[in-house]
Amino acid sequence: MSKVVDLKGSILSLTVLSLFSDQIDETKQAIAAKIDQAPDFFVGVPVVLAPQVALSDPTFLALLVEYLRQRQMIPIGVRTEDEGIKEQADYAGLAVFPVEKAKKSSKQSSEVQPETEQTGLKSALMVKGSVRSGQQIVAKDRDVIVMGSVNPGAEVVADGHVHVFGKVMGKVFAGAAGETSAKIFAKQLSPELVCIAGLYQLSEDIDPAYQKGFVEVSLQDNRLVFNTGLLG
């Protein structure tokens with residue numbers, strides 16, 4: 001008999017929505033403000049909810065799930081260890097994910113380990129000139145190098161690193177297939193959105209200090225880190 005289904009484990013890159021308020025109206029307003037900055041980006045995006053506060057209202061998650069679906073997002077689960085929130089998740093039809101623990105080093109060492117190149121990637125995709133508004137550049141299984149700028153309304157997506165020799169004013173996605181060691185390098189950064197392995201920041205969440213001069217963006221401890229000191 002031929003195979004009908006197959007069930008395998010897989011590591012996927014998911015968007016995590018951290019919740020810092022237990023007030024549903026306040027939370028909806030904050031989410032709406034985020035979505036309105038880049039509405040197309042959030043359409044059909046699977047979301048894991050991560051409450052950072054206790055949710056005293058037993059209907060909070062159910063109401064939030066309904067709202068997210070109205071905004072065309074797809075809530076799939078909750079990351080929590082709180083039993084009350086787990087009950088809300090069950091009622092709302094959400095899966096429960098364990099809270100990520102900080103990884104402990106197996107040995108203490110002050111030695112700096114050299115960075116290794118990502119394996120399995122092809123030679124970099126070279127883009128001569130700038131990426132225009134409405135244009136999307138996709139580099140599957142490789143880095144991408146943009147010799148010009150990434151204009152507002154443009155998108156650059158790479159499974160590896162993204163290098164921009166000009167100014168980033170549009171959206172840039174590195175590690176699109178889930179590679180957490182991918183980085184974004186730009187001569188100047190004033191983006192609509194930057195994203196590495198599914199974790200993103202919008203323009204309003206980026207310190208203006210990082211918008212002048214060369215900047216490197218990396219993913220460390222489940223957050224985006226901006227570094228402007230690489231060129232001395």
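Trainee: Where does Asn 222 lie?
Mentor: Asn 222 is in the loop between strand S14 (215-220) and strand S15 (223-227). Strands are DSSP runs of E with at least two residues, helices are runs of H or I with at least four, and both are numbered from the N terminus. Before we go on: this is a predicted model, where local features need pLDDT of at least 70, side-chain atom pairs count only at pLDDT 80 or more, and totals for chains, interfaces and linings use all residues. Residues are numbered from 1 along each chain as its sequence is written, and side-chain values use heavy atoms, with hydrogens and water left out.

Trainee: Why is Asn 222 called partly exposed?
Mentor: Its relative accessible area is 43%. Buried means under 20%, exposed means over 50%, and partly exposed is in between (1.4 Å probe, protein chains only). Asn 222, at 43%, is therefore partly exposed.

Trainee: What is the phi of Asn 222?
Mentor: The phi of Asn 222 is positive, about 65 degrees, although the residue is not a glycine. Most residues other than glycine have a negative phi. Asp 141 also has a positive phi, near 60 degrees. Asp 141 lies in the loop between strand S6 (136-139) and strand S7 (142-146), and its relative accessible area of 30% makes it partly exposed.

Trainee: Which residues make the nonpolar surface patch of about 310 Å²?
Mentor: Met 126, Met 147 and Phe 165 make that patch. Nonpolar side chains (Val, Leu, Ile, Met, Phe, Trp, Tyr) are joined within 5 Å, and like charges within 9 Å. Areas come from the Shrake-Rupley method with a 1.4 Å probe; for residues, only the protein chains shown count as cover. Met 126, in strand S5 (residues 122-127), has a relative accessible area of 46%, so this residue passes the area cut-off of over 30%.

Trainee: What makes strand S1 (15-19) and strand S4 (95-97) edge strands?
Mentor: The open sheet has 4 strands in the order S1-S2-S3-S4, with parallel pairing. S1 and S4 each pair on one side only. Two strands pair if DSSP finds at least two bridges between them.

Note on methods
A salt bridge is a side-chain nitrogen of Lys or Arg within 4 Å of a carboxyl oxygen of Asp or Glu.
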